[in-house]
Amino acid sequence: MNEKIGQLVRQWIRPELRELAAYHVPPAAGLIKLDAMENPYALPEALTGTWLDCLREVELNRYPDPACGALKKSLRKVMAIPESMDILLGNGSDELIQLIALALQGTDRVLLAPEPSFVMYRMIALATGLRYQGVPLRSDDFSLDLEAMLAVCEQYQPAVIFIAYPNNPTANLYPEADLRRLIEAAPGLVVIDEAYAPFAEASFLSSLADYPNLLVMRTVSKLGLAGLRLGLLTGAPAWIGELEKLRLPYNINVLTQASAQCLLEHYDILEQQTARIRHDREVLFTRLAELDGIHVWPSRANFLLFRVPAGCAIVIHTGLRDAGVLIKQLHGSHPALTDCLRVTVGSPEENSCFLEALKPLL
Ligand SMILES: *Cc1c(COP(=O)(O)O)cnc(C)c1O
């Protein structure tokens, strides 16, 4: 029976899909969770009450509002999205990457991204049947090699270029002028993925009207609402209108719509939390940089990338987990990330626990 199933799977499942490994999320129960760029803070008690009152009004027997009109209006306001641009909502920005890939997919169509960057660009490209082409960042400081990007762009004529701004997992923000040159040179779409905008305080939203091939993507995940799964893509109505056709009718469920709408009314609270995290990022950076054997790179996001002594990344990652702290192990995921680990900025107490657990492992 199993042999027969195996044979059928090989016969029918697309080969490029069989070659992929599913995105792995390690178990985190009971651990201080500093692996996934989540905001460490719960909602204030009073706001939790307000939120539950909103949820009480939700009609679970009804399909969600397919257009999400009210929610889009709130997002437009808090994120300052230009009135002339349309908005497409996704079940997380991961879903939006997938919709873009599906819309552009075709024989010999290329999705291009700097490397190392967000792993979903490559995974989604391969899963949807696009060719993926990475362009290495400079290995010492992960800066953008603009000349290499332009050359590869010229050679492969990519249907789309994804730029994480700031980049994950390297935490740096590329120079705006370099990205402008890239957008001008690109034959197809350029998607600026601003997942970490609340920590970078930089954005291409106000430049959307300058370019016919630019889209900007945002998410509420890193802002403090990762559990809701809500991302947005914004750009010219002609682009968004085509992508809308691929969106499944009710992809943003009633609980997400009601929760996001309610909580965005209290955006100032989320902003206070992200300001706190930006401050604690600098404290954590300084304390990590002081440790012997650690090299840490500057960050414009809510996490820090650091390198440990050669051959120690896996031992340190496991040692931290045994001490109750989960961070992200990157050694082996890309040649430029040899001996590298990534830690999310948590609360001051969590950051101290991480540092105290790290010291004896060095
Ligand atoms: C976390 C992350 C996302 C995914 O965001 P979701 O909205 O939670 O799907 C997108 N892009 C980058 C660069 C990220 O780091």
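**Strands, ligand and a few side chains**

Tutor: Strand S3 (residues 110–115) and S5 run parallel, joined by two bridges. Bear in mind that this is a predicted model.

Student: Which residue stands opposite Val160 in S5?

Tutor: Leu111 does.

Student: And how many bridges join S5 to strand S6?

Tutor: Five, and S5 and S6 (residues 189–193) run parallel.

Student: Is S5 buried or exposed?

Tutor: Buried. Five of the five residues of S5 (residues 160–164) are buried, so the strand is largely enclosed by the rest of the structure.

Student: Which residues point which way from S5?

Tutor: Val160, Phe162 and Ala164 point one way, Ile161 and Ile163 the other way, and all are buried. In a regular strand, side chains alternate between the two faces of the sheet.

Student: OK, S2 next. How many of the residues of S2 are buried?

Tutor: Four of the five, across residues 86–90. So S2 is also largely enclosed by the rest of the structure.

Student: What runs alongside S2, parallel or antiparallel?

Tutor: Strand S8 (residues 231–235), antiparallel, with five bridges joining the two. Leu88 has Leu233 as its bridge partner in S8.

Student: Switching to the ligand. How many residues surround the ligand?

Tutor: There are 14, and the closest are Asp193, Tyr196, Thr219, Ser221 and Lys222. By class, that shell has five nonpolar, five polar and four charged residues.

Student: Which helices supply residues of the shell?

Tutor: Helix H5 (93–104) and helix H10 (221–225) each give at least two.

Student: What polar atoms lie by the ligand oxygen atoms?

Tutor: Take Arg229: a polar side-chain atom there lies 2.7 Å from a ligand oxygen. A polar backbone atom of Asp94 is 3.1 Å from an oxygen atom of the ligand. For Lys222, an N or O atom in the side chain is 3.2 Å from a ligand oxygen.

Student: How much of the ligand's accessible area does the protein cover?

Tutor: The protein covers 93% of the 390 Å² that the ligand has on its own.

Student: Is Cys340 buried or exposed?

Tutor: Buried, at 0% relative accessibility. Cys54 is partly exposed, with a relative accessible area of 27%.

Student: Now the arginines. Where is Arg342?

Tutor: In strand S13 (residues 340–344). Arg342 is buried, with a relative accessible area of 7%.

Student: What does the side chain of Arg342 lie by?

Tutor: A polar atom of that side chain is 2.8 Å from the backbone oxygen of Asp35. The C-alpha atoms of Arg342 and Met37 are separated by 9.6 Å, though the two residues are 305 residues apart along the chain.

Student: And where is Arg247 found?

Tutor: Arg247 is in the loop between helix H11 (237–244) and helix H12 (254–264). Arg247 is buried, with a relative accessible area of 14%.

Student: Which backbone oxygen does the side chain of Arg247 reach at 3.1 Å?

Tutor: That of Pro66. The backbone oxygen of Pro249 also lies 3.2 Å from a polar atom of the Arg247 side chain.

How values were computed. Residues numbered from 1 in each chain as written. Predicted model: local features only at pLDDT ≥ 70, side-chain atom pairs only at ≥ 80, totals over all residues. Heavy atoms only, no water. Buried < 20%, exposed > 50% of the residue type's maximum accessible area, 1.4 Å probe, protein only. Pairing = 2+ DSSP bridges. Near = heavy atom within 4 Å. Polar contact = N/O pair within 3.5 Å; in protein donor to acceptor, adjacent residues only side chain to side chain. Areas by Shrake-Rupley, 256 points an atom, 1.4 Å probe, with all protein chains shown as cover. Nonpolar A, V, L, I, M, F, W, Y, C, P; charged D, E, K, R; others polar.
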